[in-house]
Amino acid sequence: MGVKRQQGEGDRQFANTRSVATDLPFSYLHVFAYSQRPSTAAARMTDAVPPAVIKARSQALAELSRDRRLA
C-alpha cells in the first residue's frame with residue numbers, strides 16, 4: 001500500500017472556500033495567510049502553495065470582505 005500524499009490547498013479547494021464565503025451572509029472576514037510551524041503535521045506536507053498564490057488568494061478574500069463591509 002502506498003503512502004498517502006499530503007498537499008496544500010488546491011485551486012478547487014480555494015474556489016470552494018471563496019464560494020462558501022460569497023454565499024453565506026458574512027459581513028466581515030478576517031483573512032490571514034497560513035504560516036508554517038516547525039514540527040507540525042502541516043510542516044511535513046508536500047506541494048506547498050507558492051507564496052504568489054497565497055498572496056493572490058488572500059487579496060481576493062480581503063476584497064470580498066471589503067465589499068461585504070461596504071454593502
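Arg57 counts as buried, at 10% relative accessibility; buried means under 20% relative accessible area, exposed over 50%, and partly exposed in between, with a 1.4 Å probe and protein chains only. Arg57 lies in helix 2 and Asp11 in helix 1, so this pair ties together parts that are 46 residues apart in sequence. Helices here are DSSP runs (H or I, at least four residues), numbered from the N terminus. The model is a predicted one, in which local features need pLDDT of at least 70 and side-chain atom pairs count only at pLDDT 80 or more, while totals for chains, interfaces and linings use all residues. Residues are numbered from 1 along each chain as its sequence is written, and side-chain values use heavy atoms, with hydrogens and water left out.

Let's stay with Arg57 for a moment. Its side chain meets that of Asp11 in a salt bridge, 2.8 Å from N to O; the term asks for a side-chain nitrogen of Lys or Arg within 4 Å of a carboxyl oxygen of Asp or Glu. Asp11 is exposed, with a relative accessible area of 62%. Arg57 also forms a salt bridge with Glu9, where the closest N and O atoms are 3.1 Å apart. This second pair links distant parts of the chain, since Glu9 sits in the segment before helix 1 and Arg57 in helix 2, 48 residues apart. Glu9 is partly exposed, at 35%.

Helix 1 (11–23) and helix 2 (51–70) each supply at least two lining residues, and helix 2 gives the largest share, 4 residues. The lining divides into 12 nonpolar, 6 polar and 3 charged residues.

Back in helix 1 we find Ala21, which counts as buried at 7% relative accessibility. The C-alpha atoms of Ala21 and Leu64 are separated by 8.2 Å, although the two residues are 43 apart along the chain.

Finally, look at the loop between helix 1 and helix 2, where Ser39 is found. Ser39 has a positive phi of about 65° although it is not a glycine. Most residues other than glycine have a negative phi. Ser39 counts as exposed, at 74% relative accessibility.

How values were computed. Nonpolar A, V, L, I, M, F, W, Y, C, P; charged D, E, K, R; others polar.
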